[in-house]
Amino acid sequence: MDYGKLAPGGRFWTILASCLPDTNGTLEMAERILIFDTTLRDGEQSPGASMNIEEKLRIARQLERLRVDVIEAGFPIASVGDFESVREVARHVRECSIAGLARARFEDIDRAWEALSGAADPRIHTFIATSPIHRRHKLGMDQDQVLEAAVAAVRRAVRYTANVEWSAEDAGRTELEFLSRIVEAVIAAGARTVNIPDTVGYTLPEEFGARIAWLMNHVDNIHEAVISVHCHNDLGLAVANSLAAVAHGARQVECTINGLGERAGNAALEEVVMALRTRHDHPAFNALETRIETTEIIRTSKLVSAITGFPVQPNKAIVGANAFAHESGIHQDGVLKEVTTYEIMTPESVGLATNRMVLGKHSGRHAFKERLKELGYELDDQQLDRSFRRFKGLADMKQELFDEDIRALVDDEVIREDDHYRLVKLHVVSGMQDTPMAAVGIQAGSETILEATRSGVGPIDAVFQAIHHLIPEAGEARLNLYQVSAVTGGLDAQAVVTVRLEQGARLVQGQGADNDVIVASARAFINALNKLVCRDHLPHNGV
Ligand code: KIV
Ligand code: ZN
């Protein structure tokens, strides 16, 4: 990645992204706003959102399709699981810079580099708290000690790579004089990105914008670094604060898909990106652009929601199920006459499925493979065979098959690929007059088939009881979440089920998809139990 262009004055300028025609048709240079996605690090710090390595890798690959500039893949020293995930993401994702978080400690920075060194473009992200509250109560350090530790951390990181980001944790509540002094010092020590987080989501847009403006005007070497912002959503202002910062000179925005993150979450990537794009007419934004492939937004949102088990509220901006739905008669009438009466952006621009029927029961293996390629899947022969078999089964039952159906089906095959236990048989009896009963068969490894029959308070309970009986080594676990969503509209829609299981400090998610909601539930439950059995899914240990 190109971190900037050295202009004649010897100063770093943010990336000149491309030439954009202005309203008079003449060309003007657009400046790039870098999108730093921290779904896999700050997002994973949402209680209950922990992910295993394969899940993180799937999200990272999708973030690469979305064309984010930087993926913060984790906090390598936090746990072995975090370290391994950062290393895997660094190995496999080549089109984005990969960042790993590190406190201002040498062992953190060394460990981060160990995880990152295989990346095409590794970034060490080191941070220390700067606000008086954090200095006094958390660190027991004064201003000079914090500054010294920050500079030492940056110098350590620069020994490994020039791509070093430094963050002032709780910058939103830090004295401006001290903030300017420490920012100047870390830039002088080699930080090429300086991040100003509103860690506790306390500031208001005007204040936060003014904070960035102050730094732009008072730090002598500020143009030698990209100024980044990282806003939390405790007062629902994370996106507004991020945009205010951009208006005053910030050129990197840190955000997460669906606004996932610590407490009330982080700025939602989809909102920041679509606000910049839709309000390109605004003087503060009209010479700015991101490189995000916005048509991948919905897909990314759904993937993150399915993997974490965090549903997206229907009225959520950009990605909510109702974000482009027009209910009132007056609105529908307006939209039918002229779509821009009530729509400020098109559903297609964010990748909302246009309900185009893509394949049917007469489609062959070749057409199926070609469609998968167009959707960004590269499957090996075995995966393709299994997916095609399921596709044929689904096509026999469902009249119309959409891209969403194919994605759900293939994702479902891919996520359970490493599962030791798999569902092979399911028979359920339920109804008003019957005691719900489930007979379940699961395959353990490549051969043994285990079978059990159990009753329950309902069919899902009976299925889960029978499965749990067959996998006793998973131990006792509490069902923390059971969520069903429909892949498309219509009564014959496929169901995607997410379950979350809690076992002591461990939380695991499982997913399953099928046109039969009970089969999807059984698959999701088995997927989660596989993770409990497989000990690589360690509890996460965030900042
Ligand atoms: O919110 C915050 O301050 C952070 C830093 C570690 C960047 O997440
Ligand atoms: Zn944060």
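**Entry 1: the zinc site**

I began with the zinc ion (ligand 2), which is coordinated by Asp42 (OD), His230 (NE2) and His232 (NE2) at 2.0 to 2.1 Å. I note that this is a predicted model. I then looked up how the donor residues of the zinc ion (ligand 2) are spaced in sequence, and I found D-x187-H-x1-H.

Next I asked where Asp42 and His232 lie. Asp42 sits in the loop between strand 5 and helix 1 (53-66). His232 sits in the loop between strand 11 (226-231) and helix 8 (238-247). The pair therefore ties together parts that are 190 residues apart in sequence.

Are Asp42 and His232 buried or exposed? I found that Asp42 is buried, and that His232 is buried too.

**Entry 2: the barrel**

I turned to the strands. Eight of them close into a barrel, and I wrote down the order as 5-6-7-8-9-10-11-12. The pairing is parallel. On average, neighbouring strands of this sheet are turned by 25° against each other, direction ignored.

I checked how strand 5 (residues 34-37) meets strand 12 (residues 252-255). Four bridges join these two strands, which run parallel. For Phe36, I found the bridge partner Glu254 in strand 12.

**Entry 3: two helices on the sheet**

I looked at helix 4 (residues 132-139), which packs on the sheet. Helix 4 touches strand 8 (122-129) and strand 9 (164-169). The direction of helix 4 makes about 85° with that of strand 8.

Helix 5 (residues 143-158) also packs on the sheet, where I found it touching strand 8 and strand 9. For the direction of helix 5 against that of strand 8, I noted about 170°.

Key:
Residues are numbered from 1 along each chain as its sequence is written. Chains are lettered from A and ligands numbered from 1 in the order in which they are written. This is a predicted model: local features need pLDDT of at least 70, side-chain atom pairs count only at pLDDT 80 or more; totals for chains, interfaces and linings use all residues. Side-chain values use heavy atoms; hydrogens and water are left out. Two strands pair if DSSP finds at least two bridges between them. Axes are lines fitted to C-alpha atoms, for helices over the stretch in contact, and angles run from 0 to 180 degrees between N-to-C directions. Contact means heavy atoms within 4.5 Å. Donors are N, O and S atoms within 2.8 Å of the metal (3.2 Å for Na, K and Ca); water is not among the atoms, so sites may look incomplete. Buried means under 20% relative accessible area, exposed over 50%, partly exposed in between (1.4 Å probe, protein chains only).
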